Amino acid sequence: TEKYEKGLEKTRKTFSSRMNELFANFRTVDEDFFEDLEEVLIESDVGFEVTMEITEALRQEVKLKNAKNKNDVQQVIIEKMVDIYEESESGDRSIQLNKDGLTIILFVGVNGVGKTTTIAKMAHQYIDEGKKVVLAAGDTFRAGAIEQLEVWGERVGATVVSGKAGGDPASVVFDAVKRAKDENADILIVDTAGRLQNKVNLMKELEKMKRIISREVPDGPHEVLLVLDATTGQNAMIQARQFKETTDVTGIVLTKLDGTAKGGIVLAIRKELGIPVKYVGLGENMDDLEEFNPNEFVFGLFS
Ligand code: GDP
């Protein structure tokens, strides 16, 4: 879509100009070519494993003589990138909605990654579809987090349930679930504090929230979405590993893809962590959140 094209402009420009350079001098697939290709891939942050898998696939195809010219080679690279994404796909790519009642989505992630904005964007999408959305201000730790969510809630037309700053987030969650049920809401989105400095506390806090949720809504929470900032590159990978150790993350929202040339990180996350990227943030506006589509993504890189 147009949005992908715009949001991936930086990644595409860098990636495709490097690719074009590589192919401009293309004569044959030899060791020099593989070295240059590996460099381009690593620099796009697709990660070591993905790079090795792509070059290995290319070696096989060259051996089988299925990749003889420039176009064949490019084709193998594209196909392999899509394959890597789809074959390692375990969870469903889209959000798991509760068919008979309230769907509860828990958001985790460190400050500044775009968590609040993403919650607002998602609420906006659901409200646009005619769903009733409640937001829970479960980040009682960061100064200003509650007010920020209240402002967004007002703007997009979602009810916001909040407590005192510094209060127990679990009690906010309890109130929010009750409120969502009373109002017959379709979706409850819970904001949480992302304090990785204190992993034990974070773990306990998240467990407590999940316990309260599942007591009130047996299958809940239906999703635990980790928000990562694509512009932070390898830092995002480190955060993802740490959150994965802290709680069961069911999906990733990768924000600020529009602000980086290193969009290849989508593939690294998928391959190295086994968690599907469910949404990508492609800008600061309310409409700049898209369901992730590996085909569109990879073709977007090459177009
Ligand atoms: P939080 O601390 O994780 O809740 O982060 P915020 O939601 O407050 O976002 C931090 C900054 O990132 C804000 O200025 C947002 O406008 C910006 N932001 C969030 N998502 C995106 C995105 O997809 N693209 C761009 N360019 N900016 C984003």
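Tutor: We start with a definition: two strands pair if DSSP finds at least two bridges between them. Please note also that this is a predicted model.

Student: In what sense do S1 and S5 pair, and over how many bridges?

Tutor: In S5, Leu226 is the bridge partner of Val108. A pair of strands needs at least two bridges. S1 and S5 pair in the parallel sense, and the number of bridges is four.

Student: Which residue in S4 is the bridge partner of Ile105?

Tutor: S1 also pairs with strand S4 (residues 187-192), in the parallel sense and over five bridges. In S4, the bridge partner of Ile105 is Ile189.

Student: In which order do the eight strands form the open sheet?

Tutor: The pairing in this open sheet is mixed. Its edge strands are S3 (159-161) and S8 (289-291), each of which pairs on one side only. Neighbouring strands are turned against each other by 25 degrees on average, direction ignored. The order of the eight strands is S3-S2-S4-S1-S5-S6-S7-S8.

Student: How many residues of S1 are buried?

Tutor: In a regular strand the side chains alternate between the two faces of the sheet. Here Thr103, Ile105 and Phe107 point one way from S1, while Ile104, Leu106 and Val108 point the other way, and all are buried. S1 is thus mostly covered, and the count of buried residues is six of six.

Student: Which residue in S6 is the bridge partner of Leu226?

Tutor: Strand S5 (residues 223-229) and strand S6 (residues 251-255) run parallel and are joined by five bridges. In S6, the bridge partner of Leu226 is Ile252.

Student: Which strands does helix H10 touch as it packs on the sheet?

Tutor: Helix H10 covers residues 234-246, and its direction makes about 155 degrees with that of S5. The strands touched by H10 are S1 (103-108) and S5.

Student: At what angle to S6 does helix H11 run?

Tutor: Helix H11 (residues 265-273) lies across S5, S6 and strand S7 (277-281). The angle of H11 to S6 is about 160 degrees.

Student: Are H3 and H4 roughly parallel or roughly antiparallel?

Tutor: Helix H3 (residues 31-43) and helix H4 (residues 48-63) pack at about 150 degrees, with their axes 10 Å apart. Angles over 145 degrees count as roughly antiparallel. H3 and H4 are therefore roughly antiparallel.

Student: Is Glu290 buried or exposed?

Tutor: Glu290 is in strand S8. Leaving aside neighbours within four places in sequence, its contacts include Tyr4, Tyr279 and Val280. The cut-off for a buried residue is under 20% relative accessible area. Because the value for Glu290 is 17%, this residue is buried.

Student: Is Asp45 buried or exposed?

Tutor: Asp45 lies in the loop between H3 and H4. Its phi is near 65 degrees, a positive value in a residue other than glycine. With a relative accessibility of 9%, Asp45 counts as buried.

Student: What is the relative accessible area of Lys256?

Tutor: Lys256 is in the loop between S6 and H11. This residue is not a glycine, yet its phi is positive, at about 60 degrees. Lys256 is partly exposed, and its relative accessible area is 31%.

Student: What is the form of the peptide bond from Gly220 to Pro221?

Tutor: Pro221 is found in the loop between helix H9 (199-216) and S5. Most peptide bonds are trans. The bond from Gly220 to Pro221, however, has omega near -10 degrees and is cis.

Key:
Residues are numbered from 1 along each chain as its sequence is written. This is a predicted model: local features need pLDDT of at least 70, side-chain atom pairs count only at pLDDT 80 or more; totals for chains, interfaces and linings use all residues. Side-chain values use heavy atoms; hydrogens and water are left out. Helices (H or I, at least four residues) and strands (E, at least two) are DSSP runs, numbered from the N terminus. Axes are lines fitted to C-alpha atoms, for helices over the stretch in contact, and angles run from 0 to 180 degrees between N-to-C directions. Contact means heavy atoms within 4.5 Å. Angles under 35 degrees count as roughly parallel, over 145 as roughly antiparallel, 65 to 115 as roughly perpendicular and the rest as oblique. Buried means under 20% relative accessible area, exposed over 50%, partly exposed in between (1.4 Å probe, protein chains only).
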